[in-house]
Amino acid sequence: MKYLHTFLAALFLLMGSEAMAQDASYPANYARAPRFKALIFYSDTAEPAHVDFAMQAIDFFKRLTYGDGFILETTTSVEGWSYERMKEFSVIININTAPGSAESRAIFEQYMENGGGWLGFHAAAYNARSTNWPWLNEFLGCGQFYCNNWPPQCVLVDLDVTDSPITRNIPEHFVAPESEWYQWNPSPRTNPDVEVLASLSAKNYPLGIKDVISSGDFPIVWRNRKYRMAYLNYGHGDREFTDATQNLLTLNAFRYVVSLDPNGDPFKK
Ligand code: ZN
């Protein structure tokens, strides 16, 4: 009898929430219809710390789809993709990999040159001479990869801009979780089309134990005004989603790129 009561109570609860889900005035129903599509393009064969980050990022972005606000797809390759297929996505979340062949690079360039959206993490922007893709430097608005600290470590971050949609609710100074941080030469700050939003504080120097960086301009979050893009330099290891401030920064950057979709801002009601 006791179990019957529990069963009935559970049933009524279920029916109640069902009824609520069908009530158009219920707030969760604002997002009943998925309004845009996002693609996570990542590598599952990169160094383990880069794959660890990708797996946790997939989980992070999947949680943002709760309520069906948007459709999230994932892929480890864009080889053979057509422009038509790529442009279905309001944003490509590019994690620790990049298009490899001339064909897939050309399609990605076409996508970005025609209003595509890009949120890049960490090695998605790796562009040493061997990468042999000059357009990537144009797109990122910086020179080639120059150096990194080792091992991964926490750092003090300073905001460069405090009123951007990406940073306006972020503390002006915060400590970010441990990561491998990249420096570029020349720095993206020297590019007039680039807005640097956050940098590693010079107070971090000397940064690293094995590989030590002792100086240099160190932007870690920026956007290139010529494209609908934002780049976040973190993305190494399994500690990146342990900090609410950095998670908020990630969310902000994602929303920022999607909000500029040429088809309209899906977050505006
Ligand atoms: Zn790394």
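Trainee: Why does Ser104 count as buried?

Mentor: In this predicted model, Ser104 has 3% relative accessibility, and buried means under 20% relative accessible area, with exposed over 50% and partly exposed in between, for a 1.4 Å probe and protein chains only, so Ser104 counts as buried. Its place is in helix 4 (residues 102-113), where helices are DSSP runs of H or I with at least four residues and strands are runs of E with at least two, numbered from the N terminus. Residues are numbered from 1 along each chain as its sequence is written. Local features need pLDDT of at least 70 and side-chain atom pairs count only at pLDDT 80 or more, while totals for chains, interfaces and linings use all residues, and side-chain values use heavy atoms, with hydrogens and water left out.

Trainee: Which residues does Ser104 touch, not counting residues up to four places away in sequence?

Mentor: Ser104 touches Val78, Glu79 and Pro99 on that count, a contact being heavy atoms within 4.5 Å.

Trainee: What makes Phe36 and Phe254 an aromatic pair, and why is the pair called tilted?

Mentor: Rings of Phe, Tyr and Trp (its six-membered ring) pair if their centres lie within 6.5 Å, and planes under 30 degrees apart count as stacked, over 60 as edge-to-face and the rest as tilted. Phe36 and Phe254 are 6.1 Å centre to centre with 50 degrees between the planes, which is a tilted pair. Phe36 lies in the loop between helix 1 (2-22) and strand 1 (37-42) and Phe254 in helix 6 (residues 244-259), so the pair ties together parts 218 residues apart in sequence. Phe36 is buried at 7% relative accessibility, and Phe254 is buried at 2%.

Trainee: Why is the pair of Phe61 and Phe121 called edge-to-face?

Mentor: Their ring centres are 6.4 Å apart and their planes stand at 70 degrees, so the pair is edge-to-face. Phe61 belongs to helix 2 (residues 48-64) and Phe121 to strand 4 (residues 117-121), 60 residues apart. The relative accessible area is 0% for Phe61 and 0% for Phe121, so Phe61 is buried and Phe121 is buried.

Trainee: How do you know that the charged end of Arg85 sits over the ring of Trp81?

Mentor: A charge sits over a ring if NZ of Lys or CZ of Arg is within 6 Å of the ring centre and within 35 degrees of the ring normal. The charged end of Arg85 sits over the Trp81 ring at 3.8 Å from its centre, and Lys37 lies over the face of Phe89 at 4.9 Å from the ring centre.
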